[in-house]
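Me: I have a structure open and some questions about it. Can we go through them one by one?
Reply: Go ahead.

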Amino acid sequence: MPPPARPNPAGHAGGGTLAGLLAEARAGEIAPVLLFDGDAFLSGRAARELARALVPEGERDLNVVELDPATSPAEVAAEIMTRGLFARPGSHKVVLATEPAFLVSKEDGTELFRRARDAWAKGAQRDGARRLLALAAKAGWRAEELAGDRPPTPAAWKRELSVEARPEDLAFVAAAARYALERELRVARDDASALEAALERGFPRGHVLVIAAGKVDSNLPLAKKLLAAGRRMTFAIQREGKWGDGPVVLGPVLEALLAGTGKSCDGGAEARLGELVGDDARTLASELGKLVAYVGERACISAADVEAVVTRAAGDPFFALGNAVEARDLSGAMAVLDRSLEDGVSPFLVLATLASTLRRLVVERERARKLVGERRLGSAREYEALVFPHIPEAEVGKRQPYGFWMKYQAAQ
């Protein structure tokens with residue numbers, strides 16, 4: 001039995017590159033825990049690529065184990081501590097935990113609920129039901145309660161799991177819970193002790209736990225121990241701009257998605273893909289597959305190729321126009337307006353966005369004026385002390401003072 005896994009200084013967001021990690025894997029040098037997060041599609045793709053690099057094709061059926069999102073920490077521990085079949089010196093067993101619910105906080109329940117509902121709607125009923133049960137377990141709810149005469153109310157979903165449950169959502173919950181009961185689906189409790197003990201003891205030699213997630217709550221005790229035992233890498237498409245509403249930065253992602261194809265994108269193609277696809281990694285991967293086939297023997301994908309093959313899938317974030325107006329950025333606002341109208345956005349929606357933006361600026365300006373007069377507040381700390389305490393709790397919700405301070409500045 002190897003010594004316990006020790007903290008790795010590279011176990012922070014963005015540590016290293018996937019290409020470097022794959023090279024380490026092929027050389028037999030790999031951390032016992034790899035946590036990939038950021039974009040669920042990109043992290044899952046990277047995790048499977050790593051598994052292929054670690055385990056030869058003929059051994060993957062036996063020594064690559066993929067666990068679903070509803071898997072508990074105890075089930076992960078049991079799998080990672082079980083010896084791989086026909087293990088040989090230098091061989092690996094990879095346990096791949098995809099989007100594990102136990103690493104997501106209750107406050108992030110909205111995304112977990114959406115994925116459960118979407119899986120159910122697409123016909124993946126078992127997956128959808130298990131995802132729902134894993135989320136409900138965070139609030140202590142079982143399938144019997146979800147399908148019973150007095151199921152959790154919309155207020156309870158909001159209070160316990162931050163989920164805004166609509167009538168159609170409650171219908172999905174009841175149907176999925178009944179499905180789970182009929183098929184005796186169960187989800188184990190989020191008891192982290194078994195996995196924590198496995199981390200402390202050390203995995204069997206050659207065993208690697210790869211976690212592919214979207215969002216991870218780094219404040220969870222188990223998440224901290226996993227990060228201390230290995231390495232974290234974040235895979236996500238970034239955006240430029242002060243508010244993250246500028247053009248997407250596709251270069252690193254394009255390089256990763258095109259790895260092994262012998263193809264690359266020139267600057268024009270990258271820019272046009274950003275305009276047409278945006279930050280939807282799954283769609284980007286699909287369109288790149290079409291482009292690789294389209295260009296044939298040519299090594300470089302051009303903007304003309306993108307124009308010929310890719311249809312527009314991206315839209316501007318609904319807040320992009322408002323942010324441009326707040327920043328007094330006329331050219332930016334007009335560019336968003338042009339793209340929105342080109343995409344068929346209703347002029348009434350544009351008008352409503354402008355009205356909402358201006359209304360918010362007037363409210364913030366007047367709120368401060370009534371409290372401190374015409375004097376302009378000079379810092380976020382001063383605003384938080386003099387104005388923020390007077391904002392109604394219902395309006396504040398979970399928002400932070402700094403966001404209100406930024407709107408106050410824009411209102412000046």
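Me: Gln400, buried or exposed?
Reply: Gln400 has a relative accessible area of 54%. The cut-off for exposed is over 50%, so Gln400 counts as exposed. This is a predicted model, so that value is computed from predicted coordinates.

Me: Where is Gln400 found?
Reply: In the loop between helix 20 (393-396) and helix 21.

Me: How many residues apart are Gln400 and Glu384 in sequence, and what is the distance in space?
Reply: They are 16 residues apart in sequence, and their C-alpha atoms are 9.8 Å apart.

Me: Back to the whole protein. How many helices and strands are there?
Reply: The protein has 21 helices and nine strands.

Me: What box do the C-alpha atoms fill, and what share of the residues is buried?
Reply: Along the principal axes the box is roughly 75 × 60 × 40 Å. Of the 412 residues, 43% count as buried.

Me: And the accessible surface, what does that come to?
Reply: About 21600 Å², with 54% of it belonging to carbon and sulfur atoms.

Me: What share of the contacts comes from residues 24 or more positions apart?
Reply: Taking contacts with a separation of 6 or more, 74% are between residues 24 or more positions apart.

Me: How many bridges do strand 2 and strand 3 pair over?
Reply: Four, in the parallel sense, with strand 3 covering residues 93-98. Across that pairing, Val65 stands opposite Val95 in strand 3.

Me: Next topic, aromatics. How many aromatic pairs are there?
Reply: The count is ten, with ring centres within 6.5 Å as the criterion. One of them is Phe36 with Phe235: the centres are 5.2 Å apart and the planes are at 75 degrees, so the pair is edge-to-face. Phe36 is in strand 1 and Phe235 in strand 5, 199 residues apart, so this pair links distant parts of the chain. Both Phe36 and Phe235 are buried.

Me: Why is the pair of Tyr383 and Tyr408 tilted?
Reply: Because the planes are at 40 degrees, with the ring centres 5.5 Å apart. Tyr383 is in helix 19 (residues 380-386) and Tyr408 in helix 21 (residues 401-411), 25 residues apart. Tyr383 and Tyr408 are both buried.

Me: Which residues do ring pairs link into a cluster?
Reply: Phe113, Trp120, Trp141, Trp157, Phe172 and Tyr179.

Me: Last one. At what angle do helix 4 and helix 10 pack?
Reply: Helix 4 (residues 73-80) and helix 10 (residues 193-201) pack at about 35 degrees, with axes 7 Å apart. Helix 4 brings Pro73, Ala74, Val76 and Ala77, which meet Ala194, Leu195 and Ala198 in helix 10. By class, that contact has seven nonpolar residues, no polar ones and no charged ones.

Technical notes. Residues are numbered from 1 along each chain as its sequence is written. This is a predicted model: local features need pLDDT of at least 70, side-chain atom pairs count only at pLDDT 80 or more; totals for chains, interfaces and linings use all residues. Side-chain values use heavy atoms; hydrogens and water are left out. Two strands pair if DSSP finds at least two bridges between them. Helices (H or I, at least four residues) and strands (E, at least two) are DSSP runs, numbered from the N terminus. Rings of Phe, Tyr and Trp (its six-membered ring) pair if their centres lie within 6.5 Å; planes under 30 degrees apart count as stacked, over 60 as edge-to-face and the rest as tilted. Buried means under 20% relative accessible area, exposed over 50%, partly exposed in between (1.4 Å probe, protein chains only). Contact means heavy atoms within 4.5 Å. Accessible areas come from the Shrake-Rupley method with a 1.4 Å probe; for residues, only the protein chains shown count as cover. Axes are lines fitted to C-alpha atoms, for helices over the stretch in contact, and angles run from 0 to 180 degrees between N-to-C directions. Ala, Val, Leu, Ile, Met, Phe, Trp, Tyr, Cys and Pro count as nonpolar, Asp, Glu, Lys and Arg as charged, and the others, Gly among them, as polar.
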